[in-house]
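Biologist: Could you take a close look at one helix for me and tell me how its sides are used? I would like the cut-offs along with the picture, please.

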Amino acid sequence: MLRLLAGKAWQLSDAGTGLGVVKRTRSIPTPSIIDRRWPHQVALPDDICTERNFTRIARFCDKMSAAPQIRRVQAIWPDGKYEEWRLHCFANQADAKAFLDHFGGIIFDPAKDRENGRAMGVWRRTGEYERILELGPLSVPESLRH
């Protein structure tokens, strides 16, 4: 039985034990595989990738025949503020550049930007935190502005 948990597809299997053991499906790549096969990554604040903006991003990627993998990363600033960011991961550098040119964002290098290069490490940012409400043609929906 396939279940959606924390935004990921997981397979429920009892493996003959009678216990509901949860394992990742083979159709969803692991974070380390995404970083290896889709190394050209563009980060956008998670709040800006919702509602109509999600559709705009999806249509843009469909139009250019790019099929990015999506990952999340928690960005943490020196003052302790943190924010979720969405990584749009491309296999092709030209697709990542076209995405960046259209929407803006920040180039994210998984080997350098993740804490200690770990696949699930946080993104240690420098400077002072400043919330991004507008980015290229995208803007944070009113319901998420507080």
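Modeller: Happy to! This is a predicted model, in which local features need pLDDT of at least 70, side-chain atom pairs count only at pLDDT 80 or more, and totals for chains, interfaces and linings use all residues. Residues are numbered from 1 along each chain as its sequence is written, and side-chain values use heavy atoms, with hydrogens and water left out.

To your question: Arg59, Asp62 and Lys63 are the exposed residues on that other side of H2. Exposed means over 50% relative accessible area, buried under 20%, and partly exposed in between, with a 1.4 Å probe and protein chains only.

The chain has four helices and 10 strands; these are DSSP runs numbered from the N terminus, helices being H or I with at least four residues and strands E with at least two. H2 takes in residues 52-63, 12 residues in all, and its first and last C-alpha are 16 Å apart, close to the 16 Å expected at 1.5 Å a residue. The expected span is 1.5 Å times one less than the number of residues. After H2 comes Ser65, with a positive phi near 60 degrees.

Now for the buried residues. Asn53, Ile57, Phe60 and Cys61 are buried in H2. They lie on the same side of the helix because they cover an arc of only 95 degrees around the axis, an arc taken from the directions from the helix axis to the C-beta atoms. Their cover includes strands S4 (40-45), S6 (82-90) and S10 (138-139), together with helix H3 (93-103); contact here means heavy atoms within 4.5 Å.

Rings of Phe, Tyr and Trp (its six-membered ring) pair if their centres lie within 6.5 Å; planes under 30 degrees apart count as stacked, over 60 as edge-to-face and the rest as tilted. By this rule there are seven aromatic pairs. One of them is the edge-to-face pair of Phe60 and Phe99, 6.3 Å centre to centre with 65 degrees between the planes. Phe60 is in H2 and Phe99 in H3, 39 residues apart. Phe60 counts as buried because its relative accessibility is 16%, and Phe99 does so at 0%. Phe60 also forms an edge-to-face pair with Phe103, at 5.1 Å centre to centre and 80 degrees between the planes. Phe103, like Phe99, is in H3, and Phe103 is buried as well. Ring pairs join Phe60, Phe90, Phe99 and Phe103 into a cluster.
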